[in-house]
Amino acid sequence: MTKLLLENQVAIVTGGGKGIGRAIAMRLAREGAAVAICGRDAGAIEMTVAEITEMGGRALGRTLDVADCVAVDAFVAETHAMFSRIDVLVNNAALTAMSNIGFAPVPDLAVDEWRRVVDINLSGAFYAARSAGRIMREQRSGSIITISSVHAHVPNALTPHYDATKAGLEALTRSLALYFGRFGVRVNAVAPGPIVEERPESAPDVYSPEMRESQRRSTALGRFGRPTEVAAAVAFLASDEASYITGTTLLVDGGFLLRHEGMSDGSEAG
């Protein structure tokens with residue numbers, strides 16, 4: 001029988017109720033981990049916990065905003081009390097274009113909108129890493145994985161707040177890796193490219209069909225990625241298969257950055 005990557009381990013996934021976060025939570029559960037998930041959508045959290053439980057896994061779900069450091073500390077403490085350890089933290093919670101963040105250049109971006117995105121995307125990851133990291137430091141083992149974005153490397157003039165938080169997360173990842181390495185704790189990031197996620201019918205698509213097609217064509221593989229492909233990368237980095245990997249960002253972008261670095265695929269040579 002094939003050994004599960006995360007058998008008998010305990011993982012926390014922020015923003016684990018839907019989209020990429022849900023795919024990550026489900027994959028880690030299938031790899032044998034007990035999974036604690038949190039997010040702002042109570043219904044989505046309940047559904048994901050129910051699915052994990054129905055397939056024989058162990059799960060805990062709580063509704064909270066990761067911008068609330070007290071709530072994050074309490075959630076991490078509850079997870080530790082219930083499962084006795086924390087082996088994996090996945091910092092996934094974020095406001096994105098799918099979350100209807102404001103699109104505006106810096107001169108026109110509202111200060112409240114800047115703060116809202118920074119508080120959740122960057123500060124929320126710091127709060128969770130600080131809290132879970134203390135436990136991992138005592139255990140002298142663990143893996144922290146932050147979900148970044150290709151937009152940490154290829155900015156959009158209308159999303160300076162989002163791009164800045166994702167670049168900040170990668171810098172935070174490297175800083176955490178430097179500190180926690182001496183305690184046997186690895187810290188890495190995953191940067192997805194264009195990913196197709198399920199969208200509630202009530203949520204409008206902020207991208208036009210032309211923009212969607214441009215995104216698809218901007219990857220070397222010529223297609224969108226799937227949340228399950230991001231989840232597979234996270235499961236790898238969380239496991240002992242990645243035991244000598246820390247302080248790095250793994251691109252799961254279908255070659256998106258290759259296109260934006262000006263590299264040619266040779267097609268124009270005919």
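**Ground rules**

We're working with a predicted model, so local features need pLDDT of at least 70 and side-chain atom pairs count only at pLDDT 80 or more, while totals for chains, interfaces and linings use all residues. Residues are numbered from 1 along each chain as its sequence is written, and side-chain values use heavy atoms, with hydrogens and water left out.

**Exercise 1: overall build**

Work out how many helices and strands the protein has, and how its radius of gyration sits against the globule rule.

Solution. 
- Start with secondary structure, where helices (H or I, at least four residues) and strands (E, at least two) are DSSP runs, numbered from the N terminus. The tally is eight helices and seven strands.
- Next, the radius of gyration, taken over C-alpha atoms, with the globule rule being 2.2 Å times the number of residues to the power 0.38. The protein comes out at 18 Å, close to the 18 Å that the rule gives for 270 residues, so it is as compact as a globular protein of that length.
- Then box it in: along the principal axes, the C-alpha atoms fill roughly 55 × 45 × 40 Å.
- Now contacts, meaning heavy atoms within 4.5 Å. Take those between residues at least 6 apart in sequence: 74% of them join residues at least 24 apart.

**Exercise 2: surface and charge**

Solution. 
- Buried means under 20% relative accessible area, exposed over 50%, and partly exposed in between (1.4 Å probe, protein chains only).

**Exercise 3: aromatic pairs**

Count the aromatic pairs, and explain why Phe-126 and Tyr-127 are classed the way they are.

Solution. 
- The rule: rings of Phe, Tyr and Trp (its six-membered ring) pair if their centres lie within 6.5 Å; planes under 30 degrees apart count as stacked, over 60 as edge-to-face and the rest as tilted.
- That gives three aromatic pairs. For Phe-126 and Tyr-127, the centres are 5.8 Å apart and the planes sit at 55°, so the pair is tilted.
- Tyr-179 and Phe-183 are tilted too, at 5.3 Å centre to centre and 55° between the planes.
- Ring pairs also tie Tyr-179, Phe-180 and Phe-183 into a cluster.

**Exercise 4: two loops in touch**

Locate Val-196 and Gly-225, then list their contacts beyond four places in sequence.

Solution. 
- Val-196 lies in the loop between strand E6 (185-192) and helix H6 (209-217), and is partly exposed at 46%.
- Its contacts are Phe-224, Gly-225 and Pro-227.
- Gly-225 belongs to the loop between H6 and H7, and is buried at 14%. Its contacts are Pro-194, Ile-195 and Val-196.
- One more distance: the C-alpha atoms of Val-196 and Gly-19 are 8.9 Å apart, though 177 residues separate them along the chain.

**Exercise 5: buried or exposed?**

Decide whether Ser-131, Ala-242 and Ser-84 are buried or exposed.

Solution. 
- Ser-131 sits in helix H4 (residues 111-139). At 9% it is buried, and beyond four places in sequence it contacts Asp-73 and Val-76.
- Ala-242 is in the loop between helix H7 (227-238) and strand E7 (249-252). At 0% it is buried, and beyond four places it contacts Arg-186, Phe-236 and Leu-237.
- Ser-84 is in the loop between helix H3 (69-83) and strand E4 (88-91). At 58% it is exposed, and it has a positive phi of about 75° although it is not a glycine.
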